[in-house]
Amino acid sequence: MKLLRHDLHLLSGVYALDAIDSDLERDRYQRHLARCHNCSAEVRGLQEVTTRLAMATALQPPPAMHGKVLAAVRRTRQLPPAADSQPRRRPWWGWLGGRSRWLPRFALAAAMVGVGAAVVLGVILAGTQHRLDLAQAQNRAIARVLAAPDARVLTSSTSAGGTATVIVSPSERELIVTTAGLRPLPASKVYQAWLINPRRTRPAGLLPAPRGGKTQPLLTTGVSTGDKLGLTVEPAGGTAKPTTTPILVIPLRA
Amino acid sequence: MMAMDPGDIHRARPEAVPGRGGEPDLDGLLVLVACGDESAFEAVYGQLAGAAYGLIRKVVRDPAQSEEVAQEVLLEVWRTASRFDPAKGSAATWVMTIAHRRAIDRVRSVTATAARDHLAAEPAPASDEVAEAVEASLDRERVRHCLDGLTELQRESITLAYYGGYSYRQVAGLLGATLSSIKTRIRDGLIRMRDCLGVSG
């Protein structure tokens with residue numbers, strides 16, 4: 001235990017340099033940082049040092065870059081502040097308060113519960129129908145890929161353990177990914193698929209939560225020649241660009 | 001170990017919003033950027049674009065790809081400025097962390113499969129090559145001076161990891177050292193740099 005802690009403390013430097021390539025190890029260290037005040041203070045200091053290392057590399061950027069970035073800024077919407085940093089609001093039932101007497105308030109609340117239940121039920125039913133439609137469409141698409149004469153099966157192990165299997169049909173420009181035995185993720189994380197080529201990286205869907213260690217097939221469309229399939233660990237809900245090192249990259253060349 | 005005098009504590013948390021009429025520093029500028037202020041973004045660009053581009057060039061090497069990554073990074077600064085938390089570190093650190101991460105992502109995603117085999121054979125970048133100067137800067141001189149104060153092995157480990165974009169595992173492989181000795185060297189080296197640069201934690 002002592003050795004383990006000692007080892008964790010030693011990670012401040014490589015963490016400050018962003019030189020930890022294992023998500024597992026980085027996550028573990030970040031959890032440690034949240035608890036260890038001295039360590040987070042040390043990391044902050046060392047990160048300022050790495051910033052100086054960065055500033056020392058300053059070069060004149062290509063002159064055209066300025067205009068391009070500002071043009072992109074003008075048409076890019078910004079993220080709102082993170083939810084957890086927003087000031088705490090009154091609870092949603094707060095407006096029920098005030099001067100009204102207890103009974104009307106109770107009646108109103110009861111009525112709201114009724115309406116709410118009806119709305120929720122409706123949403124669930126609509127959602128179920130929608131999911132069924134989606135599932136049927138997905139099954140048809142999967143069958144199409146499987147039946148394509150040029151369908152090929154590729155299997156590769158991942159750095160998060162387990163294997164990923166890809167069935168790709170260049171003529172249909174579609175592929176299916178399934179996995180088995182990948183390291184389970186906390187609810188806050190998800191495995192995200194990417195289509196990667198030297199020009200750009202496109203999100204290709206989120207792997208469904210595994211059942212019995214295996215994930216249901218994920219269908220990805222719009223595959224083009226030269227693409228590779230990548231898998232990364234991302235925050236739940238996925239991201240627009242990969243934020244972690246892929247646990248797997250499979251070239252899809254025909 | 002973390003010698004911190006009381007003066008540092010007061011300076012540690014910069015004012016998030018600059019006073020009216022005061023010259024806003026980078027942290028304050030970034031807060032304005034989070035509110036959608038394009039001119040504040042231009043000022044941030046003026047102060048950090050060169051360093052972001054330079055750092056990305058160091059890692060990625062290819063000028064065209066580096067420019068692409070630098071543009072992505074600066075746009076991300078605009079887009080996610082509301083996520084910047086001055087309590088967690090300076091604005092420059094926040095931006096350079098994004099730049100370094102994106103540079104590494106680019107290097108690894110392009111070569112993820114091929115490079116792993118290559119890596120061991122690839123010649124290590126010259127470790128004393130800190131920056132091809134465009135303009136002389138005091139900052140650069142101090143960094144160079146402080147890097148010179150490290151042991152050869154500390155300097156090599158730090159520059160390979162940071163400028164080379166290698167993980168510490170890869171650095172260990174390249175230098176034929178154990179993981180724990182690389183961790184120790186990098187930490188000791190950075191602490192020595194911190195003291196030499198007079199950076200307050």
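**Figure 1. An open sheet in chain A.** In this predicted model, four strands of chain A line up in the order E5-E4-E7-E8 to form an open sheet of 4 strands with antiparallel pairing. E5, covering residues 201-206, and E8 are the edge strands; each has a single partner strand, so one side of each is left without a neighbour in the sheet. Going from one strand to the next, the twist averages 30°.

**Figure 2. A look at E4 and E5 of chain A.** Let us zoom in on one pair from that sheet. Strand E4 of chain A spans residues 189-196 and is joined to E5(A) by 4 bridges, the two strands running antiparallel. Which residue of E5(A) does A:Trp194 stand opposite? The residue is A:Pro203.

**Figure 3. Where chain A meets chain B.** Here 55 residues from chain A and 68 residues from chain B take part in the contact. On the side of chain A that touches chain B, at least two residues come from each of helix H2 (12-16), helix H4 (37-55), helix H5 (63-74) and strand E8 (248-251). H4(A) gives the most, with 15 residues. Sorted by class, this side of chain A has 33 nonpolar, 15 polar and 7 charged residues.

**Figure 4. Two crossing helices in chain B.** Helix H8 (residues 168-175) and helix H9 (residues 179-197) of chain B have axes that come within 9 Å and cross at roughly 110°, which means that H8(B) is roughly perpendicular to H9(B). From H8(B), the contact is made by B:Tyr168, B:Arg169, B:Val171 and B:Ala172, and from H9(B) by B:Leu179, B:Ile182, B:Lys183 and B:Ile186. By class, this contact has 6 nonpolar, no polar and 2 charged residues.

**Figure 5. Helix H8 of chain B and the residue after it.** Staying with H8(B), which of its residues are buried? They are B:Tyr168, B:Gln170, B:Val171, B:Ala172 and B:Leu174. Next to look for is B:Gly176, which follows H8(B) and has a positive phi, near 60°.

Figure 6. You can find B:Val59 in helix H3 of chain B, which covers residues 38-60. Is B:Val59 buried or exposed? B:Val59 is buried, because 22 other C-beta atoms lie within 10 Å, and 20 or more count as buried. Leaving aside residues up to four places away in sequence, B:Val59 touches B:Ala103, B:Ile104, B:Val107, B:Tyr163 and B:Gly165. B:Ala161 is 102 residues apart from B:Val59 along the chain, and their C-alpha atoms are separated by 9.7 Å.

Definitions and conventions. Residues are numbered from 1 along each chain as its sequence is written. Chains are lettered from A and ligands numbered from 1 in the order in which they are written. This is a predicted model: local features need pLDDT of at least 70, side-chain atom pairs count only at pLDDT 80 or more; totals for chains, interfaces and linings use all residues. Two residues are in contact if their C-beta atoms, placed from the backbone, lie within 7 Å. Ala, Val, Leu, Ile, Met, Phe, Trp, Tyr, Cys and Pro count as nonpolar, Asp, Glu, Lys and Arg as charged, and the others, Gly among them, as polar. Axes are lines fitted to C-alpha atoms, for helices over the stretch in contact, and angles run from 0 to 180 degrees between N-to-C directions. Angles under 35 degrees count as roughly parallel, over 145 as roughly antiparallel, 65 to 115 as roughly perpendicular and the rest as oblique. Two strands pair if DSSP finds at least two bridges between them. A residue is buried if 20 or more other C-beta atoms lie within 10 Å of its own, exposed if 12 or fewer, and partly exposed in between; C-beta atoms are placed from the backbone.
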